[in-house]
Amino acid sequence: MEEEMKDKDLRKRVPYHIQRDVLDELGVDQVAEKSDFKISAKEKFREAVRCTGPRFKSCFLSFVPLLTWLPRYPFRENAIGDLISGISVGIMHLPQGMAYALLAAVPPVFGLYSSFYPILIYFIFGTSKHISVGTYAVMSVMIGSVTERLAPDSDFMIPGNDTNSTSLDIVSRDAERVKIAATVTFLSGIFQLLLGLVRFGFVVTYLSEPLVRAYTTAAAIHVIVSQLKYSFGINPQRYSGPLSLIYTIIEDCALLGQTNIGTLVVSIVTIIGLVAAKELSALAARKIPIPIPVELITIIIATVVSWQMDLKTEYGVEVVGKIPSGLQAPVAPAVSLLGSMVGDAFALAVVGYGIAISLGRIFALKYAYKVDSNQELIALGLSNSIGGLFNCFAISCSMSRSMVQVSTGGKSQVAGAISALVILVILLKIGELFEELPKAVLAAIIYVNLQGMMKQFGDIRSLWRTNKVDMVVWVMTLILTVLFNPDMGLAASIAFSILTVVFRTQLPKYSILGQVPGTDIYKPVEDYNQVKEIPGIMIFHSSATLYFANAEMYIDALYEKTGVDVAKLLSHKKKLEAKRLRKEKKAAKKAKKEAKKRAKEAVKAAEGEEPKFSDTDESGEEAEANGDVHKLSVKEPKDVGAVEVGPDPDTDTTLPQAIILDLSPVNFLDTVGVKTLRNIYKDYGEAGVQVYFCGCQRGVVESMEKGDFFNEKVTKSILFSSVHDAVLYCQQGNSEEVIQGTHL
């Protein structure tokens, strides 16, 4: 083992030697024979829309993945696992569908519809083999905020028999809320479908993992608060808009005195029973290959107890109520409502897709296959848009169901189709048996299923240790989503997340690079003890790209790190130049005056008078005698004096021979970035310092070309592929200095 480690170390430290000329950008273009061939936009468009037989077949099969994988389905290997997995997940759909329907503020049976139609559609068009699509708590609570906002209880109050009494028309209210839920689901599906068709699947990249986890945690808090009324048997007023969650909690606390004791007892007993049963199920999971359907057993027991004890009549416990058998015919969406729910629908589309594709990619990476992000958008879009026609509400995928589907042997989308068939049997035959199920039991199932989301608060501690910016994103997403509705909270959270990206690019790390002894590697001098700067050469590096938001900071950091404030240097140079011109002008005037005096003396001498010479005719002796740094020299009357000026103490510094800007982290340049580089090159050049650029990517060079950076005087010869090439170029002709590392 030790010998292997030694061999490995030797292989890592094998010295190498490269012998080649120093190459600037022009040299690289010549050696590599840069191609000027470019495809025009017209040709690209023509190629994109060109339709051939193979291309049409490929597009059609990618649009309907079922036709690709089903004919090759390994029946013998996968059939048993998919069957067991499908039945297990289908059993889970029953309690979760009914419970999440309460979150959407629609009758429980519509949760079963949402667990049937969309799953069949995803079976045909989806590309993930392991995720379980269907009802999801976060999506349901977002739907509920829309249905309760557009169809509040106050709109369905009807006068009672007494003069001052009113009653709630539950049938009309539920019918309106179902229509609203189906319409917003249909619209969200259209958004997903359009985004998928224009290949906009990358939109999910704006939903980072900390943001998604914090958002689902905050949505879980919304879910818990929304279910308190079912656990306590109270009827609080519904609030909407910012701080609605706070107002709802205050209202619930105010109504605690009206708690229905029977409902509270049912809720507490169910929660305790579920938690205990899940713990026992987890312990037995090692010995039992199929998970125990705890939720199904719970609702069966609760329904039997409610029916036997007549909890609805004797104790006033609210039950599920009428569950119609069979399926419903499709209904057109309410077009008149579309305008009032565009923002909600788009938020549903983005959140549903983000959760589904995130989970889908996790399983795809684990089981070595590919999930098409754009096709997933299309599959979810068709599931929601077609599901909306059948009075379903928006769906996504559930982590708990997906884990059950995988753990019970599910290998493909066939497991999802089988789970849909289980729901179909329930809808056609046994759905009405659960009419006496207390709603408090469904609320308890929701609480227990949200345990995983609430455990995500532990992310704060782990992110504090690993990445504090991500931790800030997590906390702010939680706060914004809790204070606002889930849709507004999502928009604010994405905006804040993007702001942190801008913030990071505006505060990059600037450093001066030095050479690692004996190599052509350059590292920040402040990070390594053995890294030394190259004498006379400053290598400046920024960890972020250069664009309008940080261009000024880039220049300030360059001045600070190099110790050369070019602005002050040029300003001082201009002052000295002006001073020199004034001295020259004064000296010229003196010389002219002396010339006139000499001419007069010459005339007098010619007339026989004795000449008189000026005290200043000592070739500048008077100027030398005063000891000033500025020297005035007038050797002959007709000569203009030359003025030499010394440095300003404030800017007195040893200028480097050259400055090399490492642009390897720069992946694009805007017009401000190009102008910044042009000004740096010009200003340092005027100060007598040559500037070189290295590590420029292709897009950066093209931006410099389009920005008229290069001209007859400034060519690509100042661009180098590597820092080492630029350093060697700067040292050519200076035999006293030797660069270690790669030799020429």
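The model is predicted, so local features are taken only where pLDDT is at least 70 and side-chain atom pairs only at pLDDT 80 or more, while totals for chains, interfaces and linings use all residues. Residues are numbered from 1 along each chain as its sequence is written, and side-chain values use heavy atoms, with hydrogens and water left out.

Let us begin with the whole protein. Its secondary structure comes to 30 helices and 10 strands; helices (H or I, at least four residues) and strands (E, at least two) are DSSP runs, numbered from the N terminus. Of the 744 residues, 46% count as buried, where buried means under 20% relative accessible area, exposed over 50%, and partly exposed in between, with a 1.4 Å probe and protein chains only. The accessible surface comes to about 39800 Å², and 60% of that belongs to carbon and sulfur atoms; such areas come from the Shrake-Rupley method with a 1.4 Å probe, and for residues only the protein chains shown count as cover. Among contacts between residues at least 6 apart in sequence, 80% join residues at least 24 apart, a contact being heavy atoms within 4.5 Å.

Next come the stretches named in a record. An unreviewed UniProt entry places the feature "transmembrane region" at residues 100–125, 180–202, 255–276, 288–309, 345–365, 377–401, 413–430 and 474–503. UniProt positions are given in the numbering used here, feature names are shortened, and annotations may be inferred rather than shown by experiment. Two of these stretches can be described further. Over residues 255–276 the chain is 73% helix and 0% strand, with its end C-alpha atoms 30 Å apart. Over residues 474–503 the chain is 93% helix and 0% strand, and there the end C-alpha atoms are 16 Å apart.

Asn260 counts as buried because its relative accessibility is 18%. Leaving aside residues up to four places away in sequence, Asn260 touches Phe232, Gly233, Tyr315 and Gly316.

Now turn to the surface. A nonpolar patch is formed there by Phe63, Leu194, Leu197, Val198, Phe200, Phe202, Tyr206, Ile498, Leu499 and Val502, with about 900 Å² of accessible area together. The elements that give two or more residues to this patch are helix H10 (170–197) and helix H24 (486–506), and H24 gives the most, with 3 residues.

Two strands pair if DSSP finds at least two bridges between them.

E5 and E6 pair in the antiparallel sense over 3 bridges, with Gln515 opposite Tyr522 in E6. The hairpin of these two strands has 6 residues between them, and Gly518 takes a positive phi near 80°. E5 also pairs with E7 in the antiparallel sense, over 4 bridges, and Ile512 stands opposite Phe540 in E7. Another 5 bridges join E8 to E9, which run parallel, with Ile660 opposite Tyr692 in E9.

How covered are these strands? In E5, 6 of 6 residues are buried: Tyr510, Ile512 and Gly514 point one way, and Ser511, Leu513 and Gln515 the other way. In a regular strand the side chains alternate between the two faces of the sheet. E9 is mostly covered too, with 4 of its 5 residues buried.

Our last stop is helix H30 (residues 723–731), where 8 of 9 residues are buried. Among them are Val723, Leu728 and Cys730. The buried residues of H30 pack against strand E5 (510–515), strand E6 (522–524), strand E7 (537–542), strand E8 (658–662), strand E9 (690–694) and strand E10 (719–720).

Note on methods: Patch = residues over 30% accessible without salt bridge, like charges linked within 9 Å, V, L, I, M, F, W, Y side chains within 5 Å. Salt bridge = Lys/Arg side-chain N within 4 Å of Asp/Glu carboxyl O.
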